[in-house]
Amino acid sequence: MGCLEDLVSVLEICGLTYRYPDGRFALSGVDLSVEEGETVGVIGANGSGKTTLLLHLNGILRGEGIIRILGMDPGGRDRAAVRAAVGVLFQNPDDQLFCPTVREDAEFGPLNLGVSPAEAGSRAEESLARVGLAGFGDRSPHHMSAGEKKRAALAAILAMRPRIIALDEPSADLDPRARRELVPLLASFGGTRIVASHDLDLVRKLCGRVVLLNSGKVVADGPAARILDNAVLLEANGL
Amino acid sequence: MRHDFVDRFARVPSPVAGIDPRTRLVAALTVLLTVVGAPASRPGMLAVCAGFIAGYAALARVPAGWLVARSAVALPFALLAGAWLPFARPGVGGWAALAVLAARTFLAAAVIVLLAATTRFPHLLRGMEGLGLPRVMSLVLSFTYRFLFVLVEEAERLEMAVRSRAPMRRRRFRALTGAAGYLFLRTYERAERVYQAMLARGFHGEIPVGEIPRWGVQDALAVAVTAGFLWVAWRIW
């Protein structure tokens, strides 16, 4: 099915091209369609365009081409609604957790959506409990381990109750135990998930479908097993 | 890196743990003004204030040795500033004035250290806002508190990298100046990423405010006790 013809898709990208200010191409003619409830792994070497692609999903970056999230344009008038629908987990939780306490961070998103302070507080508590951080609300992110910070960042996104979750290198900087704990946690979330990572083992465990990027272009798109078992393909694309 | 006294005893269960940050701020400010404003001829006022500070520290379960050591940090400055007093006023008067100056400095430092150590920093900011501090100022302080240590850790990592590859002191200095520029660049990039993370969660130019705490019985009690001590200090001593 061609670009923008699939009405079932929650996410539709057609010919997305993005250039850095210095003129280099970060994304070059990317086409991608994701259906409701799908978990898609976006893999590729460093600099392949994974993070740039994710930052287009909620209109933080705007390239050339067409993007539709739940039928809305993330770069246009629907930007606020798109940001409420797409939760992006950044690679480094220290970039994402900017409030003095974890609770305030988890409340930040819901309050921006216009919910009442009491409702934002209860959503924050609920999402913290969901990621196993009940009772951590008063903690400062600076005093938490990398795994705890990652889960707190995830809670901050879940408190917004997004329909799509986009995760940028979710297992980066985690020790083996924290990484093991993260996999079932991510697997337990419903909704549509997009996991950008070069942790192929994590992608194999979480994703049914994989998109392989190289130099900003989609090199392969298909069932996870078929792509992840193709050692020659992975090797040729820096993985 | 961890800070040494900010928040240090704020999570210790104690009879003063639940006092509203606004009450703490007002009480600390009034005690501070009493300490600073106590005339040199009435050292008894300082003694009453010292009693109040010691009582609060004991209730908040702050070890006396810890408090004395942190508060004494300010003493060298006071002694330096008042070193001329014994010469300007020969006899006991000059030394007494120097002692009062040192006591004032020590007690004022103790008030600040206690406030910072027993009140959680985010609550302190909330309290300041509640007392009229502009939101933009409290946000600047909040971001500073959140990212100061992240930045210091980044600087420490850069310094370690420079040391490990530049054992000669002269070369190390040159490399460190370059690292300072690099640190600025990293900080700028981090600021960009933090802003992107804020946008991703619906930020549209205004920082929303969560639930504001309310004054309770404990606060009324704290105000009464503080006012009682200050009354004794000003009227009786």
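This is a short walk through the two chains, how they touch, and how each one is put together.

Okay, housekeeping: the model is predicted, so local features need pLDDT of at least 70 and side-chain atom pairs count only at pLDDT 80 or more, while totals for chains, interfaces and linings use all residues. Residues are numbered from 1 along each chain as its sequence is written, with chains lettered from A and ligands numbered from 1 in the order in which they are written.

Let's start with the contact between the chains. Chain A puts in 30 residues and chain B 24 residues, where being in contact means C-beta atoms, placed from the backbone, within 7 Å. On chain A's side, α2 (79–85), α3 (93–96), α4 (102–112) and α5 (117–130) each supply at least two residues. Helices here are DSSP runs of H or I with at least four residues, strands are runs of E with at least two, and both are numbered from the N terminus. The largest share of that side comes from α4(A), with 6 residues.

Now the sheet in chain A. It's an open one of 3 strands, in the order β2-β1-β4, with antiparallel pairing; strands pair if DSSP finds at least two bridges between them. β2 (25–35) and β4 (64–69) of chain A sit at the edges with a single partner strand each, so each has one side without a neighbour in the sheet. Ignoring direction, neighbouring strands are turned by 15° against each other on average. Between β1 (residues 9–19) and β2(A) there are 7 bridges, and Leu16(A) stands opposite Val30(A) in β2(A). Helix α1 (residues 50–57) of chain A packs on this sheet, touching β1, β2 and β4, and its direction makes about 60° with that of β2(A). Those angles run from 0 to 180 degrees between N-to-C directions, with axes fitted to C-alpha atoms, for helices over the stretch in contact.

Over to chain B. How is chain B divided? Into domain 1 (21–129 + 214–236) and domain 2 (134–200), with bounds from an automatic or database domain assignment. Their C-alpha centres lie 35 Å apart, and 4 residues of domain 1 are in contact with 5 residues of domain 2.

Last stop, helix α1 (residues 21–37) of chain B: 17 residues, reaching 24 Å from first C-alpha to last, close to the 24 Å expected, which is 1.5 Å times one less than the number of residues. Its buried residues include Ala27(B), Val31(B) and Val35(B); buried means 20 or more other C-beta atoms, placed from the backbone, within 10 Å of a residue's own. Among what covers them are α2 (43–59) and α6 (92–118) of chain B.

Terms used. Contact = placed C-beta atoms within 7 Å. Buried ≥ 20, exposed ≤ 12 C-beta atoms within 10 Å, placed from the backbone.
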